[in-house]
Amino acid sequence: MSAASGSRGARSPFVRTLGIGALVILGFVLVGVATLIALDTLAGSLGGPLLVISALVALVPLAIVAWGIRWIDRFEPEPPAATWFAFLFGAGVAVVIALGVDAWVWTTSALAGSPEGLSAVLGPTVQAPLVEEFGKGLAVWVLFWVGRNRLDGPIDGVVYAAWSAAGFAFSENILYFGAAIAQGGDVFVETFIVRGLMSPFAHVMFTALIGYSLGRAAEKGVRGLGLWAFTRGFIPAVLLHALWNGALFVVSSFYVYFFVVQVPLFVGAVLMVGWLRNQKAAILRENLAYYARAGVIADQEMGFLTTAAGRVIALRWAKKRGLGKQLDRFIAIAVRLALTRHREERGIHRGADDWETTLVGELVDARDRLHFG
């Protein structure tokens, strides 16, 4: 009995890893299928040539948003697999959910056959905020379930929410830009300026509230599905989305609306992200200082590990010497060491007991490869 139990216990980490791997594969299959469905729907609405043109145009606001996310995520870039999952989830799954609910509401539900004026108001102020924020936020919720050990705090949640929102906005912009191109030059130029240049971060700002709430829950070691954490972020995200869309029914001039509503909200979002970045930087400084005192990290390394300016200088130095990848690895291990210690100190680390010995060994190896002496 005991031998069998021990055998099962020995296999459990492998089984657990295999289970997570299967979930990851299944997740990518699902988002891939949903993305193809969304792409097929867009192609059916616009046609092949117009789809390609509008997609190329939609890359402009996507690039702006991607730059912003990279700025947010500078201290600890999230795993590419996770960010791609969030992006494709937003571009595919969230879009399919939004299209499906839209078709049901206006063709099958009790609202089917409603006056056009009613749908013009309820669609952007009630339906879109509820359905779209649920779809985009669901990506972060899934990552909260599966990858909670890599969700170190609110800034990580905001990053995943931002990538999901960026994917959704990319698909949505393809549809809007394509329709505008079909209507003519003036309409397209105005649509591109409004959606592509003046408000590319709109969807990101809404869904970031869900990411913040789930990230904060992960930081506190909340177990279970995190339903309350999702709801706590979902409600303000919906309200903000509804305000953003609904203000146009009150303010007659878009440009007045832009400066009265959109600019203050955007400034508030930037200030919030700056505050979160400072929080994460403080966590890194506190925990890396512990290893600096222990002699694991040199004093001169603290500068580029804990400040954005120092990071830029170090990366420039490394690239000139062909050591960019080695420096990236050194930074990634050091950050992982600091954040794992932070979780351990808070009693929420659920990884291997020898995590510190392993990460310190990897850090020393990474330094040796950088020729830091």
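Start by selecting serine 54: at 0% relative accessibility it counts as buried (buried means under 20% relative accessible area, exposed over 50%, partly exposed in between, with a 1.4 Å probe and protein chains only). You're looking at a predicted model, where local features need pLDDT of at least 70 and side-chain atom pairs count only at pLDDT 80 or more, while totals for chains, interfaces and linings use all residues. Residues are numbered from 1 along each chain as its sequence is written, and side-chain values use heavy atoms, with hydrogens and water left out.

**Stop 1: around serine 54**

Serine 54 sits in helix H2 (helices are DSSP runs of H or I with at least four residues, strands are E runs of at least two, and both are numbered from the N terminus).

Now show the neighbours of serine 54. Leaving aside those within four places in sequence, they are Leu46, Ile174, Phe177, Gly178 and Ile181 (contact means heavy atoms within 4.5 Å).

**Stop 2: isoleucine 174 and the core**

Hop to isoleucine 174. Outside four places in sequence, its contacts are Leu42, Leu46, Leu51, Ser54, Ala55 and Ala58. Ile174 is also one of the residues with the most contacts inside the largest nonpolar core, which has 54 residues; others to pick out there include Phe89, Phe144 and Trp163. Such a core is a set of buried Ala, Val, Leu, Ile, Met, Phe, Trp, Tyr and Cys residues joined through side-chain atoms within 4.5 Å.

Colour the helices next. Among the elements giving two or more residues to this core are H1 (2-46), H2 (48-72) and H5 (154-183). Which helix gives the largest share? That's H5, with twelve residues. There is a second, separate core too, of 29 residues, including Met302, Ala318, Ala334 and Leu363.

**Stop 3: phenylalanine 192**

Select phenylalanine 192 in helix H6 (residues 185-198). This one is buried, with a relative accessible area of 17%. Phenylalanine 192 touches Val57, Val60, Phe177 and Leu197, not counting residues up to four places away in sequence.

**Stop 4**

Head for threonine 306 in helix H10. Is threonine 306 buried or exposed? It counts as buried, at 6% relative accessibility. Its side chain reaches the backbone oxygen of methionine 302 at 2.6 Å. Beyond four places in sequence, threonine 306 is in contact with Phe75, Ala281, Leu284, Arg285 and Leu288.

Zoom out to see H10 (299-306) and H11 (308-320): their axes come within 5 Å and cross at roughly 105°. That makes H10 roughly perpendicular to H11. Here axes are lines fitted to C-alpha atoms, for helices over the stretch in contact, with angles from 0 to 180 degrees between N-to-C directions; under 35 degrees is roughly parallel, over 145 roughly antiparallel, 65 to 115 roughly perpendicular and the rest oblique.

**Last stop: leucine 339**

Finish on leucine 339 in helix H12 (residues 324-345), buried with a relative accessible area of 3%. Its contacts beyond four places in sequence are Glu76, Asp152, Lys280, Ile283 and Leu284.

Key: A polar contact is a pair of N or O atoms within 3.5 Å; within protein, one must be able to donate a hydrogen and the other to accept it, and residues adjacent in sequence count only if both atoms are side-chain atoms.
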